[in-house]
Amino acid sequence: MLNPFRGFNAVFYKEALHVRRDFATLFFSLIIPLLQMFLLGFAIDTNIRQINTVVYNADGRRESRELLDRLRNSDTFHVVRFVEKDHDLTDAIVSGKCRVGIKIPVDYSDKLLHGMSAQVLVLIDGSDSSVAGQAINVTTSIGLDESLRRVLANSDAPFPVDMRPKILFNPDSRSPNFFLPGLTAVLLLNVTTFLTAFSIVREKERGTLEQLFVTPVRPMGLLLGKLLPYLMIGFFELCMILTFMRFVFSVPIHGSVLLLAFLSLPYIFVSLSLGMLISSKANSQAEAMQLAFLTILPSIFFSGYIFPRETMPKFFFILSYFVPATYFIDITRGIILRGATLTHLWVDALALFTIGSLLLVVAARRFHNKVIMA
Amino acid sequence: MNDASQLAIGAQNLVRRFGQFTAVNDVSFRVQKGEIFGFLGPNGSGKTTVIKMLTGLLPLSGGDASVMGIDVRKDAESVRENIGYMSQNFSLYSDLTVKENLTFYGRIYGLGEERLRKRMDEIVQLNGLGPYLNRLSAQLSGGWKQRLALGCAMLHEPKLIFLDEPTAGIDPVARRQLWDLLFELSAHGITFFVTTHYMDEAERCSHVAYIYFGKLIADGTPDSLRELPEVRPEGTYRVEITAPEVTRALRIARTLPGIRSATIFGQSIHALIDDDLDLEQLRELLLKQSIVVAEIRPLAPSLEDVFVELTYRHQAQAEAQRA
């Protein structure tokens with residue numbers, strides 16, 4: 001009689017039946033993440049290579065051709081056309097056919113041979129900041145390198161400073177290694193939040209929720225019975241994503257999968273709570289859909305999933321601390337890429353547990369006030 | 001006063017406020033066991049709020065309520081254990097089969113496998129759902145959905161069942177069949193608390209109450225309500241006048257001396273007439289206004305007449321108080 005979970009079994013079993021009947025929803029909630037994975041894993045490469053480049057070589061002698069070869073060999077530039085006029089150079093960029101224009105002046109070789117400073121004009125299309133940044137970096141470093149070689153050409157002295165960058169954890173700078181661990185966090189949130197919100201709002205729409213409140217089901221039994229199936233789906237989804245990540249996209253997992261699974265629990269609770277919050281507000285599935293998008297956008301844009309948090313303006317940087325995905329992305333990248341353990345990640349874990357339990361309490365209270373007592 | 005053990009519902013001065021708004025204002029009534037209690041009132045007058053209070057979903061802002069001898073304030077859970085509830089939209093899971101719906105509600109009420117099977121057989125026998133057990137409830141027609149919903153609400157053998165507009169949107173035959181079923185169950189001692197908009201359904205209830213914007217303005221058997229002095233003032237009687245051009249007839253009837261009030265009912269007029277005006281005189285009066293009456297006869301007030309009359313009086317009182 002005083003069992004606070006009364007009705008749990010009945011609700012859990014019924015919810016499982018819903019999931020089985022509504023195979024389409026389940027299918028899409030599992031397939032769409034996979035599609036996203038394939039998109040991000042195969043199609044998107046953040047490494048910038050082979051930028052379309054237009055060249056106006058007014059000089060044309062050996063020195064200028066050597067410089068062009070060096071630019072080409074950097075793998076950053078792909079020379080697609082040569083022009084003979086300044087006007088054509090800018091035009092190629094304005095029309096969008098090329099992103100970089102290089103003009104070697106007519107006196108380039110002469111100046112070099114006379115020991116004077118020779119100028120090379122590099123026009124860069126700034127409409128894509130990451131392409132522009134890469135173009136600036138590569139051209140300046142080639143310029144610097146070229147200058148040094150010429151200055152030091154007559155002496156046997158070695159380069160005074162020799163920088164040797166070594167990239168840890170993702171030595172080939174593979175995009176999947178960067179994207180997929182973050183994607184895990186985003187997808188897990190999306191799917192569980194959507195499913196939870198929908199499963200409750202659907203009962204609201206049908207009026208069955210009202211009916212359930214008039215039975216001896218206890219609120220805890222009802223909520224757990226409804227949420228647990230989706231927690232299980234969320235967990236299954238996590239395993240599925242990790243498996244694909246490891247074996248299809250060959251992203252090595254350096255840390256403990258068990259730890260990752262354990263730390264995903266508070267995160268799944270976060271998304272279940274978000275789903276509950278949404279369902280306490282929304283009265284139709286369409287409304288729930290819109291609200292769910294509202295919660296999902298910050299976790300895509302402010303969590304560091306795509307854009308590094310460090311470069312965000314102060315306001316958004318602070319905002320990102322309130323986005324649960326921020327912490328879980330730290331955790332997934334930490335464990336998967338860097339082999340981090342709980343001693344490295346305990347702050348993130350603590351934050352996630354705190355946010356998770358706070359949200360759960362808020363959601364449960366709101367649910368009680370807005371849905372049960374409505 | 002009847003013995004307390006014969007009382008299915010005892011509502012004492014129920015009050016429910018939502019902020020500044022008083023949705024239920026000092027409502028008291030008693031429902032005896034075995035009654036079919038019809039709870040009527042316009043939309044938004046507080047019917048569902050009263051049900052929610054009696055089933056323990058909404059805390060009372062004031063007053064007391066006992067349901068099947070249990071104090072709602074103290075033990076809402078035991079109340080829910082002892083009642084069945086069917087909401088207006090038949091609250092079924094459309095993607096589950098008939099059998100799965102029944103099983104779910106059976107488990108919710110904690111029926112063991114054995115008892116669940118036995119009850120399911122009994123209910124299927126009663127409402128004839130047998131051939132549809134494995135059909136998705138989405139594929140049932142309105143009438144069958146309603147029978148299934150009722151079945152779900154009575155699996156745990158409650159002695160009191162709340163039906164919130166059980167016949168909204170179903171066909172007349174199914175409506176009739178439901179009422180036959182209610183009478184049959186009522187004969188077995190089950191009490192029903194039914195809200196409805198249909199006056200013919202109200203006439204079938206053994207006990208009727210009418211709530212108007214939070215205030216209970218009528219409470220009694222249909223016959224006793226018809227005899228209320230407010231409905232049948234001293235020195236008046238009711239007639240039904242059938243005439244062609246019924247709207248023109250009404251306009252004129254309202255201007256005639258000796259006719260206190262008149263309203264249209266289908267193709268005829270219901271009018272409240274002074275005793276000293278007899279039927280022949282009335283016929284003459286109308287004829288003078290060139291209205292040829294086809295038929296004119298005395299009439300017992302319908303429950304609709306009763307509620308219309310009481311509502312007017314209530315409004316007049318409320319306005320007088322405001323002034």
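Modeller: Start with chain B of this predicted model, where four strands make an open sheet in the order β12-β13-β11-β14, with antiparallel pairing. Which strands stand at the edges? They are β12 (259-265) and β14 (295-298) of chain B; each has a single partner strand, so one side of each has no neighbour in the sheet. If you ignore direction, neighbouring strands here are turned by 20° against each other on average. Now pick out β11 (residues 236-242) and β13 (residues 268-274) of chain B: seven bridges pair them in the antiparallel sense. To see one of those bridges, find B:I241, then look across to its partner in β13(B), B:I269.

While you're on chain B, have a look at where it meets chain A. That contact takes 18 residues from chain B and 19 residues from chain A. On the chain B side, α2 (76-82) and α3 (98-108) each supply at least two of the residues that touch chain A. α3(B) gives the most to this side, with four residues. Sort the chain B side by class and you get eight nonpolar, four polar and six charged residues.

Now hop over to chain A. How confident is the predictor there, going by the average pLDDT of chain A? The average is 86, and 98% of the residues score at least 70. Among the elements of chain A, strand β3 (residues 100-104) has the highest mean pLDDT, 92, while helix α2 (residues 23-43) has the lowest, 82.

That strand, β3(A), belongs to an open sheet of four strands, in the order β2-β1-β3-β4 of chain A, and here the pairing is mixed. β2 (77-82) and β4 (121-124) of chain A are the edge strands; each pairs with a single strand, so one side of each is left without a neighbour in the sheet. From one strand to the next, the twist averages 25°. β3(A) and β4(A) run antiparallel and are joined by four bridges. If you want one of the residue pairs, A:V100 has A:I124 in β4(A) as its bridge partner.

Helices pack on this sheet, too. Helix α4 (residues 86-94) of chain A lies across β1 (51-57), β2, β3 and β4 of chain A, and runs at about 165° to β3(A). Helix α6 (residues 129-151) of chain A touches β1, β3 and β4 of chain A, and its direction makes about 165° with that of β4(A).

Next, go back to α2(A), the helix with the lowest mean pLDDT among the elements of chain A. Its axis comes within 10 Å of the axis of helix α7 (residues 175-206) of chain A, and the two cross at roughly 160°. Why call them roughly antiparallel? An angle over 145 degrees counts that way, so α2(A) is roughly antiparallel to α7(A). The crossing of α2(A) and α7(A) is right-handed. Residues making the contact include A:P33, A:M37 and A:L40 from α2(A), along with A:F179, A:L183 and A:L187 from α7(A). By class, the contact of α2(A) with α7(A) has eleven nonpolar residues, three polar ones and no charged ones.

α7(A) has another helix to show you. It packs with helix α11 (residues 285-301) of chain A at an angle of about 160°, with the axes 9 Å apart. α7(A) and α11(A) are therefore roughly antiparallel to each other, and their crossing is right-handed. Among the residues that meet are A:V186, A:L189 and A:R202 in α7(A), and A:A288, A:A292 and A:I296 in α11(A). The contact of α7(A) with α11(A) has ten nonpolar, five polar and two charged residues. Keep an eye on A:F194, which is in the contact of α7(A) with α2(A) and is also one of the α7(A) residues that meet α11(A).

Last stop: helix α9 (residues 219-247) and helix α10 (residues 257-281) of chain A. Their axes come within 10 Å and cross at roughly 135°, and α9(A) and α10(A) are therefore oblique to each other. The crossing of α9(A) and α10(A) is right-handed. Look for A:L231, A:F235 and A:L238 of α9(A), and A:I268 and A:L272 of α10(A), among the residues in contact. This contact has nine nonpolar, three polar and no charged residues.

Note on methods:
Residues numbered from 1 in each chain as written. Chains lettered and ligands numbered in written order. Predicted model: local features only at pLDDT ≥ 70, side-chain atom pairs only at ≥ 80, totals over all residues. Contact = placed C-beta atoms within 7 Å. Nonpolar A, V, L, I, M, F, W, Y, C, P; charged D, E, K, R; others polar. Axes fitted to C-alpha atoms, helices over the stretch in contact; angles between N-to-C directions. Parallel < 35°, antiparallel > 145°, perpendicular 65-115°, else oblique. Left-handed = near helix turned anticlockwise from the far one by under 90°. Pairing = 2+ DSSP bridges. pLDDT = per-residue confidence, 0-100.
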